[in-house]
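Subject: Structure for your review

Hello,

Here is the structure you will be working from. Please open it alongside this message; my notes on what was found follow below.

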Amino acid sequence: MSPFWRKKKQQVCVIGLDGVPYTLVKRFTEDGTMPALAEIVRAGHLSKMCVTLPEISAVSWPSFMTGKNPGWHSIFGFTDLKPNSYSLRFPSFGDLRAPTIWDKIGERRKRSVVINQPSTYPARPIEGVLISGFVAISLCKAVHPPSILPKLEQDGYIIDIDTTRAKDHAYLTGELVKTLDSRERITNYFWENEDWDFFEVVVTGTDRLHHYLWDALDNETHPYHKMFLDYYRRVDAFVGRMYSRFRKLTDTADPTPGFFILSDHGFTGVRQEFYLNNWLKKEGFLKLQTPDADSIEAIAEGTRAFALDPSRIYLNMVGKHPKGSVKPEDVRPILTDIKAGLSELSLDGERIMQHVFERDAVYDGPFASQGPDLVAVSNYGFDIKGSLKQPKLFGRSVLTGMHTWDDAFLWSAHKPPENLNITDVAGMIMQHME
Amino acid sequence: MKGFTIWFTGLSGSGKSTLSRKIEEILLERGLKVEVLDGDVIRTNLSKGLGFSKEDRDINIRRIGFVCHLLTRNDVVAIAAAISPYRAIRDENRKLIGSFVEIYCRCPIDALKKRDPKGLYEKALRGEIKGFTGVDDPYEEPLDAEIVVETDKETVDQSLNKIVKTLEILGHIPPSGKQEYSDEEEEKIKERLRSLGYI
Ligand SMILES: Nc1ncnc2c1ncn2[C@@H]1O[C@H](COP(=O)(O)OP(=O)(O)O)[C@@H](O)[C@H]1O
Ligand SMILES: [Mg+2]
């Protein structure tokens, strides 16, 4: 039967590589570490991409899947405040306030297979298959439809490595490989056994590797240097296999429209962690009930501002927060003071902050007002944290890598828009599926 | 949960009834007690016989406000959906009720004329209905409504999301996300976030 009988399906395949910087893709495709990706890169457009703020997966992936900034989807971090309180809550997929790309695809009766998508836990029904990624806890709540659960269990599907044990680098690297293999087996299964128009799989191991072993990348004497490169070779081979089978399936030549590869933020090495709440405390913006209180739950009267991880600053507004003390007319001078103070801040002659954004500059949409009043972006090397558990302004931990906001990447067959942002990708995908 | 009043205001056809019914569904699903007082319905019973003079309109809105007050203090969520064109009377109700969330359904008159689901604007413009709010009768916009929905720009779902999310943030209703994680799960999530330096 002639294939011309059938209307050609406009299929899309998206590969997510969590936390992989544009600069690293460039380097590894040029130095031979990632030969398969190098060939793909030659055939299309590898672009540097900015992401929404703060530059963490909890926010970036929702911005990708909705094509909107957090002012629309309303996820501003891994944490937010419980109403009328200073204690933390952990937004879930149910908090997402904008339709996802596969919701829109589903409205047209097209099917999606989405594997290991972070920020989709607990899974909810979509037209097709969804397997949630980080912070998914139990597999039975991480899948739709429930009927796929036995297959995943039988196959020993691994959602994520146990990061609480990742300090043990032998464990970490072993688990990363196991997890990637398990991901690929399940990917193959659904590729073959589902009827789909949109297929997406996200590799999150790259992000985990970077957090704990970024220092191994450039240090050839590091005991895990070879493992670092080896993991990337495995990822490269996986991406290469996905690319060639997509081409076979869609019967397209280079540059294979419909194929997309992206990351949700970049990465760089940590020189020092910078503890934002400690700074707010030192400058008198944040007051705690006892000097050694280690959480903003212990906020005291008179607090003008506090921070939530990693880099979100909220003014302690009257009427909005239980111990609010800032009135609308005080907002401007406080914002100005905080911005000025942070901009001046330096360590060994180097400025900590690249930019401190006001809310309106980075968010619009119906939920913008629920976002932070300020979002800080640091210079590479200074990792901003909200933690009050550290004694000083600066410090180090077991983590050697930190996120960057202006160094994510997108590979696409067609040239993407100028000043590319992660919120643009959904539109490019939808355009292809029209 | 404590009772409170959701007070919709806006021109005819701006979306008050549509949104109030949808909100009712969502709140019922979350286990709250809910009562909707729709202006069009109230005029057939509680306010039967009242006309559209300023005086009659004020009586109508005060009556609805009083019922909302009774419901609210009995831990019911009262949802009023009436044009309620006069700011002073809305503010009177706000004072009386206390726990009060005003939602302004903003929609430019041109969009309403196009939408005109009940054909009322057409009649009003032809002069067949006199004293029609927004055409030849005043409407005073709220100055500080808790929520403004722009129903000519937003879809019903977007407006709805905005309202629900704000009610959550204001602490009037429990956040939907909160019930999605068990305490045990929340502990595990915290542990993982900590191990990656996210909290
Ligand atoms: N964002 C929106 N919110 C509410 N209604 C909307 C919205 N967008 C379009 N509409 C349409 O506008 C009309 C509003 O009518 P209705 O709810 O009866 O208005 P009212 O009760 O204010 O007179 C409905 O047909 C509804 O489908
Ligand atoms: Mg109505």
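In this predicted model, ligand 1 is surrounded by 16 residues. Closest to the ligand are Gly13(B), Lys16(B), Ser17(B), Thr18(B) and Ser159(B). Sorted by class, the shell holds nine polar, four charged and three nonpolar residues.

Two helices of chain B, α1 (16–29) and α7 (156–169), each provide at least two residues of this shell. The biggest share comes from α1(B), which gives four residues.

- Gly15(B): a polar backbone atom lies 3.0 Å from an oxygen atom of ligand 1.
- Lys118(B): an N or O atom of the side chain is 3.2 Å from an oxygen atom of ligand 1.
- Thr151(B): a polar backbone atom is 3.3 Å from a nitrogen atom of ligand 1.

How much of ligand 1 does the protein bury? Taken alone, the ligand exposes 570 Å², and 79% of that is buried by the protein.

On confidence, chain A has a mean pLDDT of 95, with 98% of its residues at 70 or more. Residues 1–6 of chain A, however, have a pLDDT below 50. Apart from near neighbours in sequence, that stretch makes one contact in the model.

Regards

How values were computed:
Residues numbered from 1 in each chain as written. Chains lettered and ligands numbered in written order. Predicted model: local features only at pLDDT ≥ 70, side-chain atom pairs only at ≥ 80, totals over all residues. Heavy atoms only, no water. Near = heavy atom within 4 Å. Polar contact = N/O pair within 3.5 Å; in protein donor to acceptor, adjacent residues only side chain to side chain. Areas by Shrake-Rupley, 256 points an atom, 1.4 Å probe, with all protein chains shown as cover. Nonpolar A, V, L, I, M, F, W, Y, C, P; charged D, E, K, R; others polar. pLDDT = per-residue confidence, 0-100. Contact = heavy atoms within 4.5 Å.
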